[in-house]
Amino acid sequence: MPTFDRTTIVRGPCKITYDSATFYSKSGVVLTTTNGTFDKETDAYGIVSKSKTDFTILVEFEPVGEIEALTVLFPHGNTAMGASIYGATDKPLVIVSLDKTYTILNAQITQMPTVTCSANKTAFGSVQFTGLLKIGGDPSAIEDYYTTGVGAAIGTAFNPALIVTAPYVATLGALDPFMSAEGFEISFDLSLTPVMVDGIGTVDMSIQGIACNIVCIPTGIDQLDFDTFFDSLSAGSDLASTALDISTTTVGGLNFDCAAVQVTELARNFSAADNRLGTLTMSAKRTFTTGAQNALYTIAAVS
């Protein structure tokens with residue numbers, strides 16, 4: 001009969017340090033290493049092997065909700081299209097747990113977390129980092145992607161006072177300020193193009209586009225007030241745009257701003273169980289000053 005040693009099963013939480021910031025996770029951290037492959041295929045026998053083309057590391061977690069390090073979590077509000085997101089200097093991401101420390105030598109955020117402005121939910125969704133080969137590294141040496149070391153205590157940097165949940169109010173152009181039945185959810189769509197080198201793999205990623213969408217269920221405002229965003233538009237016309245501010249008076253909460261948003265959808269419900277105003281969807285619009293692009297969005301903590 002086989003035997004088994006239960007002490008070989010390792011569990012336990014960790015902390016993450018990156019770009020001088022420390023993060024704790026809401027529901028665990030997942031580190032995934034992936035070999036990119038191509039198939040060696042024959043007509044007579046089909047696929048006979050897979051060979052390596054690339055190696056990447058994916059680290060994903062949901063920040064516990066401490067409102068801090070906002071410039072680290074949301075770096076691309078004004079990044080130029082086509083620019084490298086990895087830059088000229090490698091940034092390590094370090095995962096520290098009691099049994100082991102992993103250091104991803106060259107990491108960048110490739111998926112920014114959603115933001116929830118609400119009194120009933122914590123602020124952030126999942127964030128994703130991608131680790132690539134370090135500058136000048138050997139793609140056949142795994143230690144040029146990440147290293148491991150002894151574990152350590154996860155420290156005392158966690159501060160529950162920074163998990164701020166509060167009521168938020170939106171100001172959309174000239175409309176009266178309004179609240180949301182279920183808070184305001186802000187999501188980001190980051191389009192990235194891998195920079196590949198044959199025989200090496202992915203060495204960088206360049207930004208090709210970024211979109212920012214805001215969803216809420218307006219409350220405390222007349223149902224007809226939003227008609228201004230649908231009126232007097234011919235086919236081919238740009239949608240009406242106006243500034244958006246989502247803020248709270250609670251110190252430590254979030255202040256989210258867009259210089260311009262465009263309303264794309266508004267639902268109205270006719271039901272005894274639902275508010276008349278349903279989901280409102282807005283998209284951030286890029287603005288320019290004397291030909292130079294402005295930040296698509298800004299996120300700051302209320303002081």
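How many bridges join strand β6 to β10, and in which direction do the two run? This is a predicted model, so keep that in mind throughout. Five bridges join β6, residues 100–104, to β10, and the strands run antiparallel.

Five strands form an open sheet, in the order β2-β1-β5-β6-β10. The pairing is antiparallel. At the edges stand β2, residues 21–23, and β10, residues 146–150. Each has a single partner strand, so one side of each is left without a neighbour in the sheet. On average, neighbouring strands here are turned by 20° against each other, direction ignored.

On to the aromatics. A search of the whole structure finds eleven aromatic pairs. I will take two. Y18 and F129 pair edge-to-face, 4.9 Å centre to centre, with 70° between the planes. Y18 sits in strand β1, residues 14–18, and F129 in strand β9, residues 127–131. That pair links distant parts of the chain, 111 residues apart. Y18 has 3% relative accessibility, so Y18 counts as buried. F129 has 1%, so F129 counts as buried too.

The second pair is F178 and F226. Again edge-to-face: 5.6 Å centre to centre, 80° between the planes. F178 lies in the loop between β11 and β12, F226 in the loop between β15 and β16, so the pair ties together parts that are 48 residues apart in sequence. Buried or exposed, these two? Both F178 and F226 are buried.

Last, back to Y18. Ring pairs link Y18, F23, F61 and F129 into a cluster.

Key:
Residues numbered from 1 in each chain as written. Predicted model: local features only at pLDDT ≥ 70, side-chain atom pairs only at ≥ 80, totals over all residues. Heavy atoms only, no water. Phe/Tyr/Trp six-rings, centres within 6.5 Å; stacked < 30°, edge-to-face > 60°. Helix = DSSP H or I, 4+ residues; strand = E, 2+ residues; numbered from the N terminus. Buried < 20%, exposed > 50% of the residue type's maximum accessible area, 1.4 Å probe, protein only. Pairing = 2+ DSSP bridges. Axes fitted to C-alpha atoms, helices over the stretch in contact; angles between N-to-C directions.
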